[in-house]
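Here is a friendly tour of how two chains meet and how one of them is built. Please have the model open as you read along.

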Amino acid sequence: MTQTTAESATRKQRAQIRVRTLRTDRWWLAPAFTFAGLLLFLIYGFWAIFDKTYFADPYIAPFTSPCLATSCPEGARFLGLAPFGDWYTLPPGILILGLPGGFRLTCYYYRKAYYRSFWLSPPACAVAEPHGRYTGETRLPLILQNIHRYFFYFAVIVGLILTYDAVLALVHKPAGLGTWILVVNAALILCYTFGCHSCRHITAGRLNHFSKHPLRYRWWTLVSRLNARHQQFAWASLFSVMIADLYVRLVAKGVINFPFA
Amino acid sequence: MGYKAKFRVWRGEGGEGRLEDFTVEVNEGEVVLDVIHRLQATQAPDLAVRWNCKAGKCGSCSMEINGKPRLGCMTRMSTFDEDETITVTPLRTFPVIKDLVTDVSFNYRKAREIPSFTPPADVKPGEYRMQQVDVERSQEFRKCIECFLCQNVCHVIRDHEENKPNFAGPRYLMRIAELDMHPYDVADRKELAQEVHGLGYCNITKCCTEVCPEHIKITDNALIPMKERVVDKKYDPLVWLGSKIFKRQR
């Protein structure tokens, strides 16, 4: 074998392995499932926005709550309010979907999920990405991911409103299956929202002296526990909100009409 | 019971090389590094491999086994099927010196670029008083054995050699986070992390965490908290306003 010196150009090269990856496991499975799961959510969400049967007293579909348009039925309006007036004629869901949608879009977990499964950057660890150039989140538009904490503030409000909807259902129709679906959904949404990395930072992550802020440190430890399962809560709440939304719409359409619905 | 395993090992110097096939004996309880050593002893005496402790604590025997960045001494042969061909290659992100040995000096250069611990001028050594809760976050990062598997797997430099001058890699961004979280460090590391060491390149796909043999939660506990600290400093007008009005300190 030819010897090379430390200064030679050859010596400064990586191993020239011509295949994309030498992994022998099914590395493509996780990004494929993620792609399918997120695509399903997007398709469902697009349909749900334009579907008009979103209220079956006392249930309101989560994708349309809070219902703030004048087109909302009387009982569906959040606190009886319709602040947008008659000029707004588009589906009411459009008014609020950007907030939880933006929260999930900029979420640190979902970023990993869609960077891997949609943008293949990279599709899996130690599998070469197909892009010739990479600048990450250093410039527009991806630098806007840094506004995640603002979406978090709005997501807290939306999460609390969904909890309010579940409590209303619990008060009015405690035996209904839909009530418990809304309760479970609200609980998962709150676990996902309060387990967010931005929430962890806001509670006490930004501090260097935990010992000087014992109460905030306590909050931080609680949020950290949720944060450790952020991925699981992200998926669980994604499906629970879809299931809860579909259930309410099916009740509203009369497809589900058993006595304990 | 022993068996004969099929190995494909990268042989060559620098960029020039090829995968060579070997059949080598494997005994119960052995790890990949043991088999590489047997290969060296019986069939390829000039095979170069870096190793030291054989206990997963020195970080020397980093290599790619069936395409996955791993420590040779911590990869049990029992995790493979007996009829499986095991491919062993050097770390892909760094230049090859010979066979499985790579030149990892990139990492030492990056380490030197990070300003060291900077205590307040009025606190002398011996006067530091810290509670356990204040330091245990950074203690997790001190478990690092400098195996550079995280640096190797990070696609920012693995797939884009041109990013090397602008990106320190997860190991050194974690070092910056460790210092930034230190109760007695007063240097401003946020601007440095973002503008000089390329924190913005990280798209948090968590491969560094996946390959870490010390199971350090690099992404969740170092990189994302550091990104949030950078947001405080550079992108959040409310935090900026709050710091001006209330003279808020950390």
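In this predicted model, 45 residues of chain A are in contact with 52 residues of chain B, where contact means that the C-beta atoms of two residues, placed from the backbone, lie within 7 Å. On the side of chain A that touches chain B, α3 (108–117), α6 (197–205) and α7 (214–227) each supply at least two residues. The largest share, five residues, comes from α3(A).

Now to chain B. Its secondary structure comes to 10 helices and seven strands, taken as DSSP runs numbered from the N terminus (helices H or I, at least four residues; strands E, at least two). The C-alpha atoms of chain B fill a box of roughly 70 × 40 × 30 Å along the principal axes.

Chain B is divided into domain 1 (3–102) and domain 2 (105–245), with bounds from an automatic or database domain assignment. Their C-alpha centres lie 31 Å apart. The contact between them takes 12 residues from domain 1 of chain B and 13 residues from domain 2 of chain B.

The table sorts two of these touching sides by residue class; Ala, Val, Leu, Ile, Met, Phe, Trp, Tyr, Cys and Pro count as nonpolar, Asp, Glu, Lys and Arg as charged, and the others, Gly among them, as polar.

| Domain 1 of chain B, touching domain 2 of chain B | six residues | four residues | two residues |

Residues are numbered from 1 along each chain as its sequence is written, and chains are lettered from A and ligands numbered from 1 in the order in which they are written. As the model is predicted, local features need pLDDT of at least 70 and side-chain atom pairs count only at pLDDT 80 or more, while totals for chains, interfaces and linings use all residues.
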